[in-house]
Structure formats: structure tokens, C-alpha cells
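Visitor: I would like to learn how to read a structure like this one, feature by feature. Could we begin with the chain on display?

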Amino acid sequence: NRLDRKIPSLTLLGLGVMGTALARTWLAAGHDLTVWNRTESKTEPLTATGAKATAAAAEAVAENTLVVLCLLDDESIDETLWDTDLQGKDLVNLTTSTPAQARARADWATARGARFLDGGIMAVPPMIGIPEAGGYVFYSGSAALFETHRSTLSVPAGTKYVGEDAGFAALYDVALLSAMTGMFAGVAHAFALIGAEDIDPKEFAPLLAGWLTTMTFSVHKTADQLQSGDYAKDVVSNLAMQVAGSATLLRTAEEQGVSPELLTPYMTLMERRLAAGHGDEDTTGVVALLRR
Ligand code: FVH
């Protein structure tokens with residue numbers, strides 16, 4: 001009987017901005033939640049709404065099988081759990097890590113008798129608990145752990161399980177954030193270009209957002225070319241043309257009094273690929289140049 005099914009309890013370590021947002025959604029969904037935070041005062045708003053707080057991290061861990069970590073960085077996990085018995089625990093680490101840190105943490109947890117799942121949160125705190133906001137968490141590591149706690153983990157945000165390799169969630173997370181960083185760089189350059197003129201940034205913004213959205217088709221084309229190994233497949237604007245076009249971008253930057261420093265690293269890579277005789281290809285060959 002679904003109505004008789006008990007809502008699982010869990011422990012959350014780390015009540016920063018993200019941890020607090022996560023805690024609120026589990027409490028609102030009726031989960032018994034035990035919390036711990038290094039600075040104890042941050043537990044108070046949550047104990048006022050039903051959470052149980054403990055003075056020591058080890059006590060909070062002892063309360064439940066499912067233990068979620070949302071701490072600043074990998075080092076803070078060692079500082080928090082160094083003296084804690086993890087035997088039989090299901091550890092879910094939502095602390096941002098590198099893939100290597102996540103893999104090492106999985107080995108560390110396994111050696112202590114715990115199952116381990118790493119998570120990369122693709123959301124900012126106001127998106128937590130708001131399904132329409134589209135936030136989700138990449139998970140990788142123990143598939144058995146993920147299946148056991150899937151419904152509890154789905155409460156704050158959507159879930160995407162990306163494999164048994166504990167490093168994959170962090171890798172997917174950082175890959176997406178890195179692409180976003182490049183987009184932010186392009187957006188900064190575009191606003192700098194119009195900045196010297198009497199152009200309202202608020203009127204320009206929808207044009208920029210619309211263009212970036214339209215151009216996302218290129219992500220799928222790049223993936224297709226990488227998979228086939230044919231970087232000239234379905235090429236529309238070949239590398240030779242794009243390198244030639246770069247001159248206009250650089251000259252416009254100069255005319256507008258804008259530094260080209262955000263554009264030139266990418267243009268340099270395109271030129272290197274062109275010089276190696278790949279003018280008929282798409283820009284996909286840049287991927288090969290980046291790999292050391
Ligand atoms: N906030 C965001 O937009 C991003 C969205 C994507 C995912 N990140 C990652 O989530 C982790 C936690 O982020 P946060 O936003 O909650 O961060 P803070 O508000 O700065 O809280 C940090 C918590 O970590 C505790 N802490 C720090 N150092 C230690 C330590 N040595 N030992 C034990 N705990 C530590 C800190 O405690 P306190 O300062 O309150 O005492 C907070 O609970 C993070 O990995 C993001 O990259 C968030």
C-alpha cells in the first residue's frame with residue numbers, strides 16, 4: 001500500500017546557501033532530516049521547521065543510513081568526517097569536486113565500508129525545489145545506492161545518473177560549466193562592443209539571447225562530427241571562411257575600442273588548425289588541438 005510507505009529519513013552535513021536550500025525541500029516533503037553544520041547557528045532556522053540538529057558530525061551520520069554532504073570543497077569533507085564511522089552508510093557527495101577527487105573519495109568511502117555516489121549540482125539555490133526551474137543533479141558512482149534513494153534524491157531537483165565511474169558526475173558538471181564560461185566571455189565581449197554607442201543593453205539583450213539559442217544546433221553537429229571522425233561532414237561555414245571572418249571581428253573590436261583578449265585564444269587555435277591544412281573542415285578540429 002503506497003500510503004503505508006514511510007518517507008525515508010536522511011542526514012545532511014553542510015548548511016551553506018545550497019545545503020540550506022536542499023534541507024528546506026526535504027523538510028517540506030515530509031522527510032525526517034538530521035542536520036549538522038560547522039557553524040551551529042545555521043541549524044536554527046531548520047530546527048524551527050522540524051529538523052534535528054546534532055553537535056558533532058559523527059552523531060548526525062549515526063542517525064541515518066543516507067548521508068548527504070554539501071560542503072565547500074573536498075578538503076572540508078576530510079575535516080568533517082575524519083573520525084566518523086561510515087560502515088554501512090550510503091554517502092552522497094554534493095560538494096563540487098574534480099573527477100579525480102570524486103574517484104579518490106569513492107575509494108576512500110568504500111574502504112570505510114560505505115557505498116558512494118557523487119553529485120554535480122546543475123542549479124543555483126533559488127532553483128532548488130522548483131521543478132519548473134529546470135535544475136538537476138548529475139549522479140555517478142554506486143548504481144545500487146542511486147536506485148535505493150532515487151525518490152529522496154529527486155526531491156530537491158531532477159536527477160541524471162551518468163554511470164558507475166564516480167568521476168563522471170563531476171566531469172559532466174565541469175564540462176557544462178566550462179562551456180558556460182566560454183559563453184559568458186562571448187556575452188561580455190558583445191556588450192563591450194555596443195557599450196561605446198547609444199544602444200540600450202536591455203534592447204540588445206533579447207537579440208543576443210535569441211542568437212545564442214539559435215546557434216546551439218552547432219553542439220549537436222560537433223558531436224556528430226566527433227563521433228564519425230569526419231570533421232567536414234555537413235560543414236556550413238568552413239574553417240578557412242571562419243578564420244577570414246575573424247579579421248572582421250578583430251577589426252571591429254579595435255574600432256570600438258574593445259580589447260580582443262577574450263576572442264584571440266580561440267582564434268589562435270582555429271588558425272593553427274587551418275595552417276595544418278584543414279580549411280575545408282568545421283571548427284571541430286580545435287577539440288583535437290586542445291587535448292594534450
Ligand atoms: N551556491 C551555488 O550557486 C552553487 C551551485 C552549484 C553547486 N555549488 C556547490 O555546492 C557546495 C556548497 O555550496 P554553498 O553555496 O552551500 O556554499 P557556502 O554557502 O559557502 O557553504 C559552504 C558550507 O561548507 C561548510 N564548510 C566550509 N569549510 C568547512 C570545513 N573546513 N569543515 C566543515 N565545513 C566546512 C560551511 O560551513 P560554515 O562556514 O557555515 O561553518 C558551509 O556549510 C559547494 O561545493 C559549491 O561549489 C553551489
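Visitor: How far apart do the end C-alpha atoms of residues 165-292 lie, and what percentage of the span is helix and what percentage strand?

Guide: A word on the source comes before the answer: this is a predicted model, in which local features need pLDDT of at least 70 and side-chain atom pairs count only at pLDDT 80 or more, while totals for chains, interfaces and linings use all residues. Residues are numbered from 1 along each chain as its sequence is written. Helices (H or I, at least four residues) and strands (E, at least two) are DSSP runs, numbered from the N terminus. In residues 165-292 the end C-alpha atoms lie 22 Å apart, and the span is 70% helix and 0% strand.

Visitor: What does the UniProt annotation say of residues 10-152?

Guide: The unreviewed entry gives "domain: 6-phosphogluconate dehydrogenase NADP-binding" for residues 10-152, a stretch that is 38% helix and 22% strand, with end C-alpha atoms 9 Å apart.

Visitor: In what order do the eight strands form the open sheet?

Guide: Strands of a sheet pair through backbone hydrogen bonds, either parallel or antiparallel. Here two strands count as paired if DSSP finds at least two bridges between them. The order is β3-β2-β1-β4-β5-β6-β7-β8, and the pairing is mixed. Because β3 (52-53) and β8 (158-161) stand at the edges with a single partner strand each, one side of each is left without a neighbour in the sheet.

Visitor: Which strands run parallel, and over how many bridges?

Guide: One case is β1 (residues 10-13) and β4 (residues 66-69), which run parallel and are joined by three bridges; within this pair, Leu12 has Val68 in β4 as its bridge partner. Another is β7 with β8, paired in the parallel sense over four bridges, where Tyr139 stands opposite Tyr161 in β8. By contrast, β6 and β7 run antiparallel and are joined by six bridges, and the partner of Gly120 in β7 is Phe138.

Visitor: Is β7 mostly covered or open?

Guide: A residue is buried if 20 or more other C-beta atoms lie within 10 Å of its own, exposed if 12 or fewer, and partly exposed in between, with C-beta atoms placed from the backbone. By that count five of the six residues of β7 are buried, and the strand is mostly covered. Gly135, in the loop between β6 (115-122) and β7 (136-141), has 19 C-beta neighbours inside 10 Å and therefore counts as partly exposed. Thr43, placed in the loop between β2 (33-36) and α2 (44-47), has 22 such neighbours and so counts as buried.

Visitor: How many residues of α8 are buried?

Guide: The number is zero of 14, so α8 lies largely in the open.

Visitor: Which residues around the ligand are the closest?

Guide: A residue is near a molecule if its C-beta atom, placed from the backbone, lies within 6 Å of it. Of the 22 residues that surround the ligand, the closest are Gly16, Met18, Arg38, Ser76 and Thr96. Helices α1 (17-28) and α4 (74-81) each supply at least two residues of this shell.

Key. UniProt positions are given in the numbering used here, feature names are shortened, and annotations may be inferred rather than shown by experiment.
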